[in-house]
Amino acid sequence: MKEIDFSQAKAEGKGFQFPGQFEITAIGNANVDLKARVPQILHGIGLEVLHETVTSKLTPAGNYESVAVSFVAPSREKYMEAHDALRADADIRFTL
């Protein structure tokens with residue numbers, strides 16, 4: 001997995017501010033209830049999940065589902081841990 005490089009954004013005074021509210025999207029198999037699983041995974045690593053923000057969309061063929069949800073990350077490390085935890089799930093292909 002490629003490490004995300006925030007150095008340029010930091011040098012320009014841009015980028016993420018922590019703590020903060022962020023949205024993450026997970027794309028994976030449509031038949032595993034990702035709409036419930038994604039918030040569970042994030043909650044399981046100690047993040048505050050904003051359940052009212054959960055949205056999902058199926059691909060036209062119905063094989064894959066994208067699930068977007070907002071959460072509160074207290075630090076960059078927890079933000080990165082959110083991506084890592086979701087990507088570790090066998091049914092999730094990638095995150096944005």
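**Entry 1. Burial and surface**

I looked up burial in this predicted model and found that buried residues make up 40% of the 96 residues in the chain. Buried means under 20% relative accessible area, exposed over 50%, and partly exposed in between, with a 1.4 Å probe and protein chains only. I noted an accessible surface of about 5900 Å² for the chain, with 51% of it belonging to carbon and sulfur atoms; the areas come from the Shrake-Rupley method with a 1.4 Å probe.

I recorded the conventions as well: residues are numbered from 1 along each chain as its sequence is written, and side-chain values use heavy atoms, with hydrogens and water left out. In this predicted model local features need pLDDT of at least 70 and side-chain atom pairs count only at pLDDT 80 or more, whereas totals for chains, interfaces and linings use all residues.

**Entry 2. Order of elements**

I counted three helices and four strands in the chain, which follows the pattern α-β-α-β-β-α-β along the sequence. Helices (H or I, at least four residues) and strands (E, at least two) are DSSP runs numbered from the N terminus. I then turned to contacts, meaning heavy atoms within 4.5 Å. Of those with a separation of 6 or more, 70% are between residues 24 or more positions apart.

**Entry 3. The sheet**

I traced an open sheet of four strands in the order S2-S3-S1-S4, with antiparallel pairing. Its edge strands are S2 and S4 (92–95), each pairing on one side only. On average, neighbouring strands are turned by 25° against each other, direction ignored. Axes here are lines fitted to C-alpha atoms, for helices over the stretch in contact, and angles run from 0 to 180 degrees between N-to-C directions.

Two strands pair if DSSP finds at least two bridges between them. I found seven bridges between S2 and S3, and valine 49 has phenylalanine 71 in S3 as its bridge partner. The hairpin of S2 and S3 has five residues between the strands, and glycine 62 in this hairpin takes a positive phi near 80°. S1 and S4 are joined by three bridges; alanine 26 is partnered by threonine 95 in S4.

**Entry 4. Helix H2**

I examined the sides of H2 and found Leu34, Val38, Pro39, Ile41 and Leu42 buried. They lie on the same side of H2, because they cover an arc of only 155° around the axis; the arc is that of the directions from the helix axis to the C-beta atoms. The cover over these buried residues includes S1, S2, S3, H3 and S4. On the face turned away from the buried side I noted the exposed residues Gln40, His43 and Gly44. Just after H2, glycine 46 takes a positive phi of about 90°.

**Entry 5. The nonpolar core**

I located the largest nonpolar core, which has 22 residues; Val38, Leu42, Phe71 and Leu86 have the most contacts inside it. Such a core is a set of buried Ala, Val, Leu, Ile, Met, Phe, Trp, Tyr and Cys residues joined through side-chain atoms within 4.5 Å. Leucine 42 touches Ile24, Leu47, Val49, Val69, Phe71, Ala82 and Leu86, not counting residues up to four places away in sequence.

**Entry 6. Aspartate 89**

I checked aspartate 89, which is placed in the loop between H3 and S4. Aspartate 89 is buried, with a relative accessible area of 16%. Leaving aside neighbours within four places in sequence, I found aspartate 89 in contact with Arg37 and Ile41.
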